[in-house]
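Please read the following report alongside the sequence and the coordinates. It goes from the chain as a whole to a few selected residues.

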Amino acid sequence: MEAVFVGGVSAFLRFLFLIAPYVLGFCSVGLLIHAVTRLRERPESRKYWVVAFSGSVMIALSALVLVNARWLQNEWLYSLENTLDYLFVYLFATFLVFLGLAGSSRVISPSLEKAFIVILGTGLTAEEAISLMLKYRLDKAIQFYENQKAKNVQPATFLVTGGKSPGNSLSEAEVMAAYLTDRGIPEDQIIQENQSINTHQNFLYSQRLLGNGENTVFVTSSYHVLRGNVYARQLGIEAEGIGAKSPLYYLPYALIREYLALFLIYRKVHFVALPLFLALMHVLMH
């Protein structure tokens, strides 16, 4: 039985090594395109400059490895290929951990005894209307509110978050508030935070109302709850997160983007862990 397990692990590693340069190259192209798109909107963003640079480097290294395997067959480049293989294993393993943690948000059931329901923004459509992703978040928040009333719990106040995107005449918070009132939520039960442009600012600009957040629940997409929790805890907000569903077509992109965002947040941890992992793999595999 042990021999079968070891053989299975070995075969799986060989498969990962085989696809590593292709997957890394393909994902790096997507990463570069995403970073360049974001930089057009926010050219001052250091984060996206780092992402763009990293994507470019990975594209070049993946291409070099593939060229070497086909034509050059240089020994030093084979060592580079091994390093990229081990990097891919590290990314694959940490991505699986992320999926497990992100998936756990679907089974979280916070107490109904909450004073605030914070709805994190995710952008409007080109027509400044509610996107499908945002609709799911708003509907999830309304469901929590209705559950409170059904259980005779004091209904919470909605805190909708999100400012204006470039070229928009309405803030995301304004559009979200209108959606809630159209579905019967009293206007005096809705507070707008209309300055933020990202998740961290959603919490930062809402903090004066939430305090330590112990009586708060925040609603976002399931894949995003984990990062929402990280940002909230960084600001000392002990809010609980609820995950709304996401459109299936968007989920692969969203999960990869979310993983990379968390990777950057914990970059100091990876800065230590990744070299140690690569060194260990070089020892074990040679």
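The structure is a predicted model, in which local features need pLDDT of at least 70 and side-chain atom pairs count only at pLDDT 80 or more, while totals for chains, interfaces and linings use all residues. Residues are numbered from 1 along each chain as its sequence is written, and side-chain values use heavy atoms, with hydrogens and water left out.

## The chain as a whole

The secondary structure of the protein chain comes to 9 helices and 5 strands, where helices (H or I, at least four residues) and strands (E, at least two) are DSSP runs numbered from the N terminus. Read from the N terminus, the order of the elements is α-α-α-β-α-β-α-β-α-β-α-β-α-α. The C-alpha trace spans about 70 × 50 × 30 Å along its principal axes.

Of the 286 residues in the protein chain, 42% count as buried; buried means under 20% relative accessible area, exposed means over 50%, and partly exposed lies in between, with a 1.4 Å probe and protein chains only. The protein chain exposes about 15,800 Å², and carbon and sulfur atoms supply 63% of that area, with accessible areas taken from the Shrake-Rupley method with a 1.4 Å probe. Among the contacts in the protein chain with a separation of 6 or more, 72% come from residues 24 or more positions apart, a contact being heavy atoms within 4.5 Å.

## Aromatic pairs

How many aromatic pairs does a search of the whole structure find? The search finds 12 aromatic pairs, where rings of Phe, Tyr and Trp (its six-membered ring) pair if their centres lie within 6.5 Å, and planes under 30 degrees apart count as stacked, over 60 as edge-to-face and the rest as tilted. One of them is the edge-to-face pair of Phe17 and Tyr86, with 5.6 Å centre to centre and 65 degrees between the planes. This pair links distant parts of the chain, since Phe17 belongs to helix H1 (residues 2-41) and Tyr86 to helix H3 (residues 75-103), 69 residues apart. Phe17 is buried, with a relative accessible area of 14%, and Tyr86 is buried at 3%.

The pair of Tyr259 and Phe263 is tilted, because the ring centres are 6.0 Å apart and the planes stand at 55 degrees. Tyr259 and Phe263 are 4 residues apart in helix H8 (residues 251-265), so about one helical turn separates them. Both Tyr259 and Phe263 are buried, and they form one aromatic cluster together with Phe95 and Phe98.

Ser196 lies in the loop between strand S3 (190-193) and helix H6 (199-210). Is this residue, Ser196, buried or exposed? Ser196 counts as buried because its relative accessibility is 3%. Its side chain is joined to that of Glu193 by a polar contact of 2.6 Å, the term standing for a pair of N or O atoms within 3.5 Å, of which, within protein, one must be able to donate a hydrogen and the other to accept it, while residues adjacent in sequence count only if both atoms are side-chain atoms. A polar atom of the Ser196 side chain also lies 3.4 Å from the backbone nitrogen of Gly162. Leaving aside neighbours within four places in sequence, Ser196 is in contact with Thr161, Gly162, Gly163, Gln201, Asn202 and Tyr205.

Glu240 has its place in strand S5 (residues 240-244) and counts as partly exposed at 29% relative accessibility. The side chains of Glu240 and Lys114 make a polar contact of 2.5 Å. Not counting residues up to four places away in sequence, Glu240 touches several residues, including Pro110, Ser111 and Thr216.
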